[in-house]
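Here are a few notes to read alongside the model. Keep the structure open and follow the points in order.

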Amino acid sequence: MTGEKENKNGIMERKRKRKQNDRNKKNPEENQNNHNQDQDQDQKNAVKEDKEKKSEGKTTKQEVTSEDNNKRKHKIVFPFGNYRNYYGYRINEVDGDPRLKVFERDWFQGKDCLDIGCNSGILTIQIARKFHCKSILGIDIDSDRVSDAYWHLRKFARTENVEKNSTKVTRLEVKNKVNGAKHSASASSVESKEDSSASSKGDLFDVVSFRQENFVQSQRPSEKQYDTILCLSVTKWIHLNWGDDGLITLFSKIWRLLHPGGILVLEPQPWQSYEKNRRVSETTAMNYRTITFRPESFREILLDKIGFRRVEDITDGLSGSKAGFDRPIFVYHK
């Protein structure tokens, strides 16, 4: 039975093929037309696919361009002068901060000091290391800059510890090579003096600290007074953001925080610098138009209105310094 079914199926398939061949012979043109139609449809599909790919490419480019434009639109601005790596372009790593060369040791050694607008804290730490402050507090309006300052403090502290350990090892080697009780005693005496000197300088973390604070608007009660207060390249940003009232508030608070006989080290930016930065925010643009106190009038304000006794101009010591340090520096005595 199975064989008979297979034979019948084979006969039916052969009949179907013969009928198909007969139709092809009778209608060759219709067959060719069908073939051509298939080719035309394939070509249309191919063209459509190409257009879709090109369209996708254009969309992708537009999206990328849009993203680039958004990045440009969202450019980071620093309305308070709280630039990141501010000291990076102002300080030569070999020569260091040139302002340190005109600062006097007597202003800082064994004194309580305050640095207003410390930014990343590099100069604050360098002052502590070079002049051996009793204490120095750096404050900045930007919490990110305060974090940067503590990062630098840890870095300087590690470097200092390495240098101390290296010095101790060298002294021990010298001591071991010394022959005779007299030389040994002498070496011990030198070591004792050096250790005493090192300990008197104190650990950096005991001397230097940082705090986030808006000095002009802060209501924090004055916990202590200071012997020396630094206000370096800060007056412009306070002036632009809080106007003449903010500037007077700055000078008045500094006066109250200083011990009698204390000093203010002031580095004001020139008026041309105000013009360059007046558009960093709507507030600065508005205040710029209403400012009446120009930097050249600060001396009169501080002496006649605030109450400082006298002022020194130490700018000459900065002659020939790199860009950014050609600003005048004044020392006001309370």
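1. Start with Glu312, which sits across from Val331 of strand 7. Bear in mind that this is a predicted model. Strand 7 covers residues 330–333 and pairs with strand 6 in the antiparallel sense, over four bridges.

2. Seven strands make up an open sheet, ordered 3-2-1-4-5-7-6, with mixed pairing. Strand 3 (208–212) and strand 6 (310–313) are the edge strands; each has a single partner strand, so one side of each has no neighbour in the sheet. On average, neighbouring strands are turned by 20 degrees against each other, direction ignored.

3. Next, the helices on the sheet. Helix 7 (residues 235–257) packs there and touches strand 1 (112–116), strand 4 (226–232) and strand 5 (258–267). The direction of helix 7 makes about 155 degrees with that of strand 5. Helix 10 (residues 298–306) also packs on the sheet, in touch with strand 5, strand 6 and strand 7. Its direction makes about 10 degrees with that of strand 7.

4. Then have a look at helix 9 (residues 282–290), whose buried residues are Thr284, Ala285, Asn287 and Tyr288. What do the buried residues of helix 9 pack against? They pack against helix 7 and helix 8 (271–277).

5. Asn287, in helix 9, deserves a click. Asn287 counts as buried because its relative accessibility is 11%, and the cut-off is under 20%. The Asn287 side chain reaches the backbone oxygen of Asn241 at 3.1 Å. Leaving aside residues up to four places away in sequence, Asn287 touches His239, Leu240, Asn241, Trp242 and Gly243.

Note on methods. Residues numbered from 1 in each chain as written. Predicted model: local features only at pLDDT ≥ 70, side-chain atom pairs only at ≥ 80, totals over all residues. Heavy atoms only, no water. Pairing = 2+ DSSP bridges. Helix = DSSP H or I, 4+ residues; strand = E, 2+ residues; numbered from the N terminus. Axes fitted to C-alpha atoms, helices over the stretch in contact; angles between N-to-C directions. Contact = heavy atoms within 4.5 Å. Buried < 20%, exposed > 50% of the residue type's maximum accessible area, 1.4 Å probe, protein only. Polar contact = N/O pair within 3.5 Å; in protein donor to acceptor, adjacent residues only side chain to side chain.
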